[in-house]
Amino acid sequence: MPDQDDRHTDTGKQTGTQTGTEDIVTTDKTEGAVPAIEFRDVVKRFGDNVVLDGLNFSVAQGDRVTLIGPSGSGKTTILRLLMTLEESNGGLILIDGVPYTHEYRGEKWVEIPEKRRRVVRNRVGMVFQQFNLFPNMTVLENIIEAPVHVLKKSKAEAITRAEELLEQVGMSEKRDFKTNQLSGGQQQRVAIARALAMDPEILLLDEVTSALDPEIVADVLGVLREIAETTDITMLLVTHEMQFAREVSNRVLMFDHGQIVEEADPETMFTNPTHERTKEFLKAVLAH
Amino acid sequence: MSDDIQTLLDRLPRLGEGVLVTLEMTIGGAILAMVVALALGFGSRTRTLWVRGPSRVIVEFFRGTSLVVQLFWLFYVLPVFGYELQAMAVGIVALGLNYGAYGAEVVRGSVNSVPRGQWEASTALNLGQFHRIRRVILPQAWALMIPMLANLLIQLLKGSALAYYIQLHDLNFFISQLRKATSDTIFSYSVGLIVYFVIAYLLTLGMNALEVHFKSRLGAGPTLREVLRVAPVPTTEKAGAA
Amino acid sequence: MNDSIWDWDTAWDVLPDLLEGLKITVIATVVGMVIAAILGLIIALVRRSGSRFITVPVRFVVDFIRMTPLLVQLVFAALLLVPALPPLAVGCGVLGIHYATYMSEVYRAGIDAVPKGQWEAATALNLPRGRTWVAVVLPQAIRNTLPGLGNYAISMFKETPFLFAIFVVEMFAAAQRYGANSFSYIEPLTMVGLLFLAVSYPTSLLVRRMEKRLA
């Protein structure tokens, strides 16, 4: 994981109020053609290192898109930008056609204040490589925390939903356990339930099996497969599990140096890639 | 010696009063210090320069200028500006600001050691700024902070002995009175130091209990109830008293 | 009497006294820290190698000294010793002993931080125990303790004003004495505070740099 000092505290604290939302609302929710996610000329630098240099791509509602590519190619950065864990250095990121992190006011490229970001952020969920469950809470408390305090659901309602989700990920008996009494695979299943409890329209999965022992990976992938089959959540996943990518996604994007070098359906991408870099990469990944 | 003990027994009520003053100073100072520490500790790690800058300056200023000087400055100089604080208030404010500045560094360090993923997960769940600090970050940071705060609390108790020099009748004052009454330096100072030690020891026990509490909330180590059980479950013994 | 609160004449007038006091402050810190550094190491070694009959009482005494006020200890020692010894000597001694209890913890942590492999290598080379300590463990442990030593030196420096209680005229006592004679406390006390800051802040920056470099 790239380590960039304190940037994770960035959200919030943006001052300056702006109410120029009228022009945006009109672009919202036109006849379903609006992509769920759109990147327009997005630039991201870490110091001198340009990770994304004017990236453009979009993801339709209900798409399952896998991002592949060598490490440092910018795929995780895309998820982190979508979750506002990183700040972009240029361009627009739109969710359902609405600028999410930055916008143009006239010619000026400005940050959208936290208040407005929070409205959009409710539609986006994320599951992390390292699970990131809250150790000071039980499994159930982890899951209901945000629904109760962010979505303002009643506690009873949140618990009912949490129990459904725990059932779905096969973790019902661990409801009242502390998170560090769970194995990695169990933690990750809880983390998936926690993300789903927010009823996200978009789910970001950042190498969710990379930190797990090989024999547990299948369990977690099984859970994700089921979610993919039973919901219409838009998914954006970064993974090294090519078999899983093939089963779950309907589109694969191959990244290199912050650019999409190839885009195809999984079947074509994995059996008949055209780009030289893709061939090299797949050979290297599938070799082990 | 038996005369000494008789004198001490006669003065037990005054000892109680002295201990009370010492405790008031210590607890009052500690509460103020905690408020100052949280404010300056979080202030020191915000992104906004006009909050972070002053926070850092205040922390370095109060850490750098010596408790004794601060206390007497408040005592002698503040009235020149027309603010006359009661001696007790002077003591509490001086202790609170001085140890609050040290505490701010503890808060800052502990909050920084809460894994980055916890902040990120809070963002991913769209928790608000204060909500995430209160419900996610602080509960984890406490467990890291408590041992260091316990040390500061003992330092603060020790610093409260200055109260005597701003005309408060604290434990230190009681010791000097006992010495006058008994003319026995060794006896009176031994008694006094032992009382200080007992207070410090009880405060340490309390802080240890807090630490156990916060740790068990994180699912690490036994719960407080388990620790305090008559036949305690064997736990790895914590090194050092303070 | 003048009507402004701050009087530069007073400030200039008191400055030589303060600098004279600063000299005593620095002497007390240096001597106190030398005592603390040596005695602290001895305590750490005794606590590590002695039998329980030694370590338990030593630990109690260390905790007792560490958890009771320096100020009271100073006055206690001065009442017992001062006609026989000069106050400054008593002050240095008490400061040194008090801080030795802190330093012993620093040494202990430093010794614990020496990797187990170092002991094992020394055993594999069949080095005698004394030689292992002197040539292998302590050089590494003391390197680990340098930032702690620096931090406690700064902390002791800021606690030397406690010596006013035993009539050592260090910097703070000089200011207080001046204030009591002239009834103007603001200039001397403010300047003492700033002088403390002027010495301790740069020193603490140095120690932080050392910490980073040794980390």
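Glu207(A) lies in the loop that runs between strand S9 (202–206) and helix H7 (214–230) of chain A.

User: What is the phi of Glu207(A) like?
Analyst: In this predicted model, the phi of Glu207(A) is positive, about 45 degrees, even though the residue is not a glycine.

User: And is Glu207(A) buried or exposed?
Analyst: Glu207(A) counts as buried, because 20 other C-beta atoms lie within 10 Å, and the cut-off for buried is 20 or more.

User: Where is Lys152(A), then?
Analyst: Lys152(A) sits in the loop between helix H4 (139–149) and helix H5 (155–168) of chain A, and its phi, near 60 degrees, is a positive value in a residue other than glycine.

User: Why does Lys152(A) count as exposed?
Analyst: Lys152(A) counts as exposed because it has 8 C-beta neighbours inside 10 Å, where the cut-off for exposed is 12 or fewer.

User: Switching topic, how many residues of chain B are in contact with chain C?
Analyst: On chain B there are 30 residues in contact with 30 residues of chain C.

User: Which helix gives the largest share of that side of chain B?
Analyst: That is H9(B), which supplies eight residues of the side of chain B that touches chain C; by class, this side has 20 nonpolar, eight polar and two charged residues.

User: Which feature does UniProt place at residues 19–204 of chain B?
Analyst: The UniProt record, an unreviewed entry, places "domain: ABC transmembrane type-1" there, and over residues 19–204 chain B is 81% helix and 0% strand, with the end C-alpha atoms 17 Å apart.

Terms used:
Residues numbered from 1 in each chain as written. Chains lettered and ligands numbered in written order. Predicted model: local features only at pLDDT ≥ 70, side-chain atom pairs only at ≥ 80, totals over all residues. Contact = placed C-beta atoms within 7 Å. Helix = DSSP H or I, 4+ residues; strand = E, 2+ residues; numbered from the N terminus. Nonpolar A, V, L, I, M, F, W, Y, C, P; charged D, E, K, R; others polar. UniProt positions renumbered as here; feature names shortened; annotations may be inferred.
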